[in-house]
Amino acid sequence: MFKFEFFKDEDKESGGEETQRKPEISWKECTEIKLDQLENCHKITEECDHQLMELQDISLKYISSTDVILKLIKDCDEEDSLTVLKAEQKHSDLLTGIYEGGFKIWECTYDLAGYIQKQGLDFNAKTVLDLGCGAGIIGVLCAMKRGKCYFQDYNEEVLKHLTIPNLIINNIDVKECRYFSGDWMSFSKYLENENLDENNKFDFIFSCETIYNLDNYDKLNHIFRSLLKKNGRIYVAAKSYYFGVGGGLSAFKDFIQKENIFKVTSVWKHSNGLEREIIEIKFNE
């Protein structure tokens, strides 16, 4: 169950009633994780259980998130495990600006992976961004199909302890990929500062269950506008509504289409229970 943490201002005004005030969030700056920082990845692949996702003709392996979290708790003297522990101690999948749920594989990830396989999307020599990647299932699948993949997650420890080990157990050369932690706006500007030309932008951007926070829609829109090739495609898999914060597919579609820059098309839908959907986003011609 997705549980959101809220911050309360418990100061009392003259009327004696408690007020709620949204705090200013200090978002983490983008950091690129280099290969010399990955010394513990192989150890995780040996100590944690592997699970299997069958996708037509591809068997994709992934490491148990529960095992990884238990390992981090056991090794709690490691500095980079602290944000995960804060979330675990609060029994939460989200602590805004601290931890963004990357250690859980969300339902729509399976939807998008199945859609990619069914559609037979071609990633050979294509540049792919797995945005808010978490376990990296989508990026791993694209890399298995010979895509050049970039992985981005808010928390560095998710990338080090889960995403990259999942690449390793699927026999993908980790040196062929790039890895980024931190806030989306900071990430976008990091790549923009590399003087990206049209050829170096992304052919595909994939993102699963990342539209729960309305405050982040502008950041997503900035990434799409700045980093997608003119003929590129974006696929966002999400639920119709995320209770507690107000984000969801309808609000996100309206936000993306309001400037008439992008065309949004629903390409897959599951209507039983809480609706899940995959939308395709492309630049207007």
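Q: Which hand does the crossing of helix 7 and helix 8 have?
A: This is a predicted model. In it, helix 7 passes helix 8 in a left-handed crossing.

Q: What makes helix 7 and helix 8 roughly parallel to each other?
A: Start with the angle. Helix 7 (residues 184-192) and helix 8 pack at about 15°, and their axes are 8 Å apart. Angles under 35 degrees count as roughly parallel. The two helices are therefore roughly parallel to each other.

Q: Which residues of helix 7 and helix 8 meet?
A: From helix 7 come Trp184, Met185, Phe187, Ser188, Leu191 and Glu192. They meet Asp218, Lys219, Leu220, His222, Ile223, Ser226 and Leu227 in helix 8. By class, this contact has seven nonpolar, three polar and three charged residues.

Q: Why is helix 4 called roughly parallel to helix 5?
A: The axes of helix 4 (residues 107-119) and helix 5 come within 9 Å and cross at roughly 20°. The cut-off for roughly parallel is under 35 degrees. That angle makes helix 4 roughly parallel to helix 5. Their crossing is right-handed.

Q: What residues make up the contact of helix 4 with helix 5?
A: Helix 4 gives Thr109, Leu112, Ala113, Ile116 and Gln117. Helix 5 gives Ile137, Ile138 and Leu141. Six of these residues are nonpolar, two are polar and none is charged.

Q: How many cavities of 30 Å³ or more are there?
A: The count comes to one. To be a cavity, a space must hold a 1.4 Å probe that cannot get out. The largest cavity has a volume of about 400 Å³.

Q: Which residues and elements line the largest cavity?
A: Its lining has 31 residues, with Glu100, Gly132, Cys133, Asp153 and Thr210 nearest its centre. Strand 4 (127-131), helix 5 (137-144), strand 5 (148-153) and strand 7 (202-208) each give two or more residues to the lining. The largest share, three residues, comes from strand 7.

Q: How do the lining residues of the largest cavity divide by class?
A: They divide into 14 nonpolar, eleven polar and six charged.

Notes: Residues numbered from 1 in each chain as written. Predicted model: local features only at pLDDT ≥ 70, side-chain atom pairs only at ≥ 80, totals over all residues. Heavy atoms only, no water. 1 Å grid on protein atoms, 1.4 Å probe; cavity = no way out; pocket = protein on both sides within 12 Å on 5 of 7 lines; lining within 4 Å. Points joined across faces, edges and corners; volume = space filled by probe spheres on them. Helix = DSSP H or I, 4+ residues; strand = E, 2+ residues; numbered from the N terminus. Nonpolar A, V, L, I, M, F, W, Y, C, P; charged D, E, K, R; others polar. Axes fitted to C-alpha atoms, helices over the stretch in contact; angles between N-to-C directions. Parallel < 35°, antiparallel > 145°, perpendicular 65-115°, else oblique. Left-handed = near helix turned anticlockwise from the far one by under 90°. Contact = heavy atoms within 4.5 Å.
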